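Me: I'm new to reading structures, and I'd like to go through one slowly with you. Could you take my questions one at a time?

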Amino acid sequence: MVVGAGIAGVACAVQLRRAGVPVQLRERAQVAGGRMASKRFDGRPADLGAAYFTVSDPDFAEVVAQWQAAGLVREWTDTFVAYGAQGRHEVRGPMRWAAPRGLRSLVEHLSQDLPVLVNRLVLDVAPGPSVDGQRCRAAVLAMPGPQAALVLDPALTAATEALRNQSWSPSLAAMLRFPHRRWPDFRGAFVNDHPVLRLVCDDGDRRGDRAPVLVAHTTAQFAAGHLAQPTAAAPAVEAAVRDLLALPEPAVHVHLHRWTYAQPTASSAAGFHLDDEGIGVAGDAYGAPPRVQTAWRSGHDLGRALARRLT
């Protein structure tokens with residue numbers, strides 16, 4: 001049983017399925033994807049979770065090649081801008097990849113042959129192991145540690161200890177649709193030492209349709225003060241984006257999404273956790289830095305380790 005159908009959980013299930021191990025995924029949301037979240041606005045997707053992904057792992061590169069062959073991903077940019085005390089300057093880095101249909105489409109592609117049960121909130125993972133009273137040969141928790149800790153029986157001491165070492169920071173993601181594209185040319189912007197903003201992406205450029213849409217991600221400190229009522233933060237986020245980019249017109253639509261556990265701030269050096277009781281834990285908190293590739297690698301390797309044990 002794999003709990004959590006983000007990219008780590010799906011990657012784990014793919015390896016189990018390939019090894020001939022019966023597997024079931026349970027996802028509490030209405031769709032698979034996890035923090036590779038895409039939400040549609042007037043029929044158009046916008047990425048509100050991960051902003052992009054990079055590729056350096058050869059095995060992950062093979063998966064990306066499959067996505068590329070299916071027309072699901074494209075190389076986006078290796079150049080962002082940075083705003084800070086020194087003004088605005090360009091920052092070169094690795095190639096960042098984007099998904100025209102939204103990053104969630106990539107998780108859906110990986111999970112297309114898997115039995116994914118959505119709208120299935122798991123409440124208890126107990127010794128046995130069992131998931132909500134259903135016995136299974138092994139149970140994988142592919143979700144942020146604080147969420148996993150809520151469902152894990154304390155008697156599962158090894159897994160509980162592994163989760164205790166995780167810490168996470170929050171963020172708010174805002175989709176802002178404007179009447180026109182009035183901002184200076186950029187693809188993505190790192191925003192340094194700002195009270196509200198951490199990252200702003202040109203979603204029209206990222207998607208390739210040139211829509212007048214920006215997606216902004218806030219700092220952890222700002223998000224922490226608005227987790228109870230994230231929609232109330234919309235005016236402050238919009239004002240910060242307009243001020244940063246000197247935009248003359250207000251947005252015509254602003255949508256806020258709350259990520260209580262957006263990013264791990266303390267990661268494990270191990271690629272995953274798997275104990276003698278048959279409990280596995282995977283995700284981007286297992287490896288550094290926390291990235292889409294890190295989460296995929298964690299789930300992939302855990303799936304292979306479980307398959308060796310179960311076959």
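This is a predicted model: local features need pLDDT of at least 70, side-chain atom pairs count only at pLDDT 80 or more; totals for chains, interfaces and linings use all residues.

Me: OK, how do H1 and H9 cross?

Reply: The axes of helix H1 (residues 7–18) and helix H9 (residues 292–310) come within 7 Å and cross at roughly 30°. Axes here are lines fitted to C-alpha atoms, for helices over the stretch in contact, with angles running from 0 to 180 degrees between N-to-C directions. That makes H1 roughly parallel to H9, given that angles under 35 degrees count as roughly parallel, over 145 as roughly antiparallel, 65 to 115 as roughly perpendicular and the rest as oblique.

Me: And which residues of H1 make that contact?

Reply: On the H1 side they are Ile7, Ala8, Ala11, Cys12, Gln15 and Leu16, and their partners in H9 include Trp296, Gly299 and Leu306, where contact means heavy atoms within 4.5 Å. By class, the residues of the contact of H1 with H9 divide into 11 nonpolar, 4 polar and 1 charged.

Me: What about H2 and H9, how do they lie?

Reply: The axes of helix H2 (residues 58–69) and H9 come within 10 Å and cross at roughly 105°, so H2 and H9 are roughly perpendicular to each other. In this contact, Asp59, Phe60 and Val63 of H2 meet Val292, Gln293, Trp296 and Arg297 of H9.

Me: Switching topic, how many disulfides are there?

Reply: The count comes to 0 disulfides, a disulfide being a pair of cysteine sulfur atoms within 2.5 Å.

Me: Is cysteine 12 buried or exposed?

Reply: Cysteine 12 has 0% relative accessibility and therefore counts as buried; buried means under 20% relative accessible area, exposed over 50%, and partly exposed in between (1.4 Å probe, protein chains only). Cysteine 201 is buried too, with a relative accessible area of 0%.

Me: Last one, where is asparagine 165?

Reply: Asparagine 165 is found in the loop between helix H5 (157–164) and strand E12 (167–177), and asparagine 165 is exposed, with a relative accessible area of 54%.

Technical notes:
Residues are numbered from 1 along each chain as its sequence is written. Side-chain values use heavy atoms; hydrogens and water are left out. Helices (H or I, at least four residues) and strands (E, at least two) are DSSP runs, numbered from the N terminus. Ala, Val, Leu, Ile, Met, Phe, Trp, Tyr, Cys and Pro count as nonpolar, Asp, Glu, Lys and Arg as charged, and the others, Gly among them, as polar.
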